[in-house]
Amino acid sequence: MALKPDVSALGANESPASSADSTLAEAEAEAEADFGSTAGNGGAGSGPTAQERKCGTKSNKGPVAGDACDNDLDMLPTSLTPLHYDIRLHPDLLSGQLCGSVAIDAVATSSFRTITLHAKTIDIQLATVYVDGVVLASIEAHNVHYNEEMETAQLCLPSEVLLPSTCSQLNVQLIISFSGRISDSMYGLYRSKTRNRHGQPAHMLVTQFQAKCARMAFPCWDEPAIKAEFTLTLTVPSEFTALSNMPVTHSVDHGKLKTVYFRRSPRMSTYLLAIVAGELDYIEAISYSGPKTDSGDARQPVPCRIYTPPADIDKVQFSLDTAVRVLEMLANMFNYEYPLPKLDLVAVPELEAGGMENWGLVLFRTVRLFITKQTSLWIRQKAVYVISHELSHQWFGNLVTMAWWDDLWLNEGFATWIGIYITDKLYPEWKRWDHFVIEDRQAALSADSLRSSHPIQVTIKGSADIDQVFDSITYYKGCSLIRMLSAHLGIDIFMAGVRAYLYKHAYSTATTKDLWQSLETASAIDVGRMMHSWTAHVGYPVLTVDDSLDDCQLQLRQNRYLNSGKPTQEEDQTVWWIPLGLVTSDTPAAHEILHQRTGTIEIPQNARWFKLNHRNAGLYRVCYSRTALKRLSLAIRTKELCTVDIVGILNDMVALVTSGYLRTSTMLDMVSSFAAAAESYVVWQILGYFLESLLLTWADHSDQLHLQVRELARSLFAPKAAALGWTHAANEDPLVARLRAIAIPRAAWAGDSAVISHACELFTEFYLNPDIKPFHHDFTASVFEIAVRHGSDINYERIREMYESSQRWHLSEDHRMAALGAMACTKSEDLMKQTLEYALSDHVLPQDLNIVIGFMVSSHPHSKYVVWQWFCANYQQVVDRLGECSALLGHVVGSVIGEFANESMAQEIEQWFGSKRTAAFDRTIPQSLEFIRVRNAWYQRDKDDAALWFSKYR
């Protein structure tokens, strides 16, 4: 699942904003031939215990079952294991009611008296239990016992079913009829708003079962390790297109309704089962990513489609072309065919995440698939990455699934890495790894620098814990560790280990240890020992370099890095395996390792400069002496360092200033060196982040410094914006275009009157002449934001009109969202409140509420206080809008409280949430409070230092 976490060093900027028909006998036989029989895949014969499910192992003998769920990890009892679900659903979109039945074939490997399944918002009407084909019991509704906290339903049998000593298992079948509800939140089986073929408001049926919501659609064993095969039958309106993981075998019309039958699926986890039904059109292409042909030099064709609401089908050709290329690349990289007979991608108007990797039926927000000539370069890049991320899950996550949610990083960290890797291969001119260093890697380092962070392998006990680990630690720290390890092993050896891992654990589950074992076999290196400290322990190190004792030798010391300052002895117990990556003016990168608390490393006697962590491959920070920084500053000016290394120095300095390792004046001294040598947009983007963080931190304390920071920013960005201009040249490097798109809004943010005036003129011209856009689409979001932030209130009314009537101005989906974000940039407090109320109306989808909040909290110094007061007054309405268990609620909470920088607000926030139910976001609150206190400590520590520097600067 894609996630967009916070990207600034202080968590201060962008909010998180990283997936018809009983099957015919022939189809069932074909499915077993394609995917291996149940027994061949380890499905028959035994059920894994709770510990085995968590560890990804499986024995042929289960323990004697108890009547309660596993006490340690809230797992279901292990006496029964499902092999196959035959699910029949009849959802009524108008009434919101769901009728259904499920026949579950299972095996019992120990005696049992009760059967416990997951069920949430499901009412079981009748459950009939068969043992070896004989009816054992019929359990009516009043004899079903529900546990709302555990989200389970328990069927109590009249007597204990004993496992005979002469056999190892019993065949059990459950036939359950049930009713339920179609959700209006974006999880479970839910209704998404859309438009029908006539352009009228309508609904489509969508599922979002990750992580624990299959139980909202049918009773099941809803844990990732309990894989089974699925056969689905779906009754829907006759005009609907019905989709699921597998192809349709046939359908039967019933007047206004039809029943659609799907082929039987391979073994997979419940969270990957998917349904979409609505008025949809599609375009199709062929991807040669199936099994290899008899000659072995080509692959068989796989049909690949993208489905959209009818009016939008002309917007997805780029995404379809991308999906075909990506699927073929993945099949060849993994040397493993795409495992299913078809791949469908669907543009869903309402989707909680950017994408969801359901096997064979991958869902995306519309903005991720609607790519047209009007789409900005950045959104186009994001689309390629998200498609690559989600399609990589078809192997890494779906074919092989983490055994339990504490290994979620195996799915998401690897998919993030492969998504960036493939994007970089397809479009090397985008330099996607440079962008990873400034945003994705920074998001991981920022979150993991907190005392309230968590290990990448984090204990997941109950349901409330699961959604909260879909965060920057799981995605971006996970990706950073894969990047570090693949760089150390070499990409060929690394991919050889990955292929072995996929082959060994196909159609099953695995753990981090299993991946390490495959990589150890491929590399003959003790990968598990190397990586244990990175995955099992919280945090990461800062490497302090002492170059004062010997011109030829560096003294190194590693300690845990904390954003709030140096750790206590108890917090600093971990010693990491650190690839040093030393490069000097005279020598290329060396691959030495520090695996103790301290160490030394040699450098050439006449080296003019040295740098550790070449290309930022390692996940750590480096603290240099002032002398070393001055030498690096000169190397930057003389262009001796590559962009990624410059970015690494800059990122580390920003973080070390924040935490007190360096003074703010040290960073300010270096700003001009970075700006003078910077030709890459990534350097300018970090400079902008730093100055914005400085402004955010000082805004509540010093009006004078506030003005001085803007003056400094203006001196940097205004000349750059003027030099680059507003016009993209023909055949221009796309990264120059990206720099222009950064410099112009930053110059306006800093108060450059020339940019502000021109942007407002362009906006007015565009508003009055919708068919003639007087600026490049890369500037659309900036022009909208500048016009509202710095223009009159009439611009606010105009931008709202453009948001509501986007077709009149031919706005792409991302530019429509830009219009919504621009509304939040108004400087009028009354219009801020009006915008926040508007965000809760039907004009704004729930998934887009955080766009409004994320823009508003940082648009003006006082706007975050307006948002906080509104949030407190409308909290229950926000919860009702998003759903109490929605991950979006945690993102919204983080955005609302994450921008403050004084202790009084930290205490107010802490007190206010003290009386609220916060289980769905109880990681978000302490992390946000810690960020607030880090900023406050930064200001208190360096206020005089910064004031002195700016007095000299002026």
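Where does K639 lie? Please keep in mind throughout that this is a predicted model.

1. K639 and its loop. K639 lies in the loop between α13, which covers residues 626-637, and α14, which covers 643-659. Its phi is near 60 degrees, a positive value in a residue other than glycine. Most residues other than glycine have a negative phi.

2. You will find A524 in the loop between α11 (512-523) and α12 (527-536). Is A524 buried or exposed? With a relative accessible area of 75%, A524 is exposed, since exposed residues are those over 50%.

3. A cis peptide bond. Please also check the bond that joins Q210 and A211: it is cis, with omega about 10 degrees. Most peptide bonds are trans. A211 sits in the loop between β10 (201-208) and β11 (229-237).

4. The whole protein. Stepping back, the protein has 29 helices and 30 strands. Its radius of gyration is 28 Å, close to the 30 Å that the globule rule gives for 954 residues, so the protein is as compact as a globular protein of that length. Along the principal axes, the C-alpha atoms fill a box of roughly 90 × 65 × 65 Å. Buried residues account for 64% of the 954 residues. The protein exposes about 33500 Å², and 49% of that area comes from carbon and sulfur atoms.

5. A five-strand sheet. What is the strand order in the open sheet of five strands? The order is β16-β17-β18-β20-β19, and the pairing is mixed. At the edges are β16 (281-287) and β19 (355-356), each of which pairs on one side only. Helix α3, residues 317-334, packs on this sheet and touches β16, β17 (302-308) and β18. The direction of α3 makes about 30 degrees with that of β16.

6. β18 and its neighbours. On one side, β17 and β18 run parallel and are joined by four bridges; I306 has L345 in β18 as its bridge partner. On the other pairing, β18 (residues 343-348) runs parallel to β20 (residues 361-365), with five bridges between the two strands.

7. How well covered is β18? The strand is mostly covered, with six of its six residues buried. This holds for both faces: L343, L345 and A347 are buried on one side, and D344, V346 and V348 are buried on the other.

8. Handedness. Together, β17, α3 and β18 make a β-α-β unit that is left-handed.

9. A four-strand sheet. Another open sheet has four strands in the order β9-β10-β15-β12, with antiparallel pairing. Its edge strands are β9 (188-195) and β12 (241-244), and each pairs on one side only. From one strand to the next, the twist averages 15 degrees. Four bridges hold the antiparallel pairing of β12 with β15, residues 275-278. Within that pairing, T241 stands opposite G278 of β15.

10. S753. Finally, have a look at S753, which is found in helix α19 (residues 753-768). S753 is exposed, with a relative accessible area of 55%, because that value is over the 50% cut-off. What separates S753 from A718 in sequence and in space? The two are 35 residues apart in sequence, and their C-alpha atoms are 9.2 Å apart.

Methods. Residues numbered from 1 in each chain as written. Predicted model: local features only at pLDDT ≥ 70, side-chain atom pairs only at ≥ 80, totals over all residues. Heavy atoms only, no water. Pairing = 2+ DSSP bridges. Contact = heavy atoms within 4.5 Å. Axes fitted to C-alpha atoms, helices over the stretch in contact; angles between N-to-C directions. Rg over C-alpha atoms; globule rule 2.2 N^0.38 Å. Buried < 20%, exposed > 50% of the residue type's maximum accessible area, 1.4 Å probe, protein only. Areas by Shrake-Rupley, 256 points an atom, 1.4 Å probe, with all protein chains shown as cover. Right-handed = clockwise from strand over helix to strand, strands pointing away.
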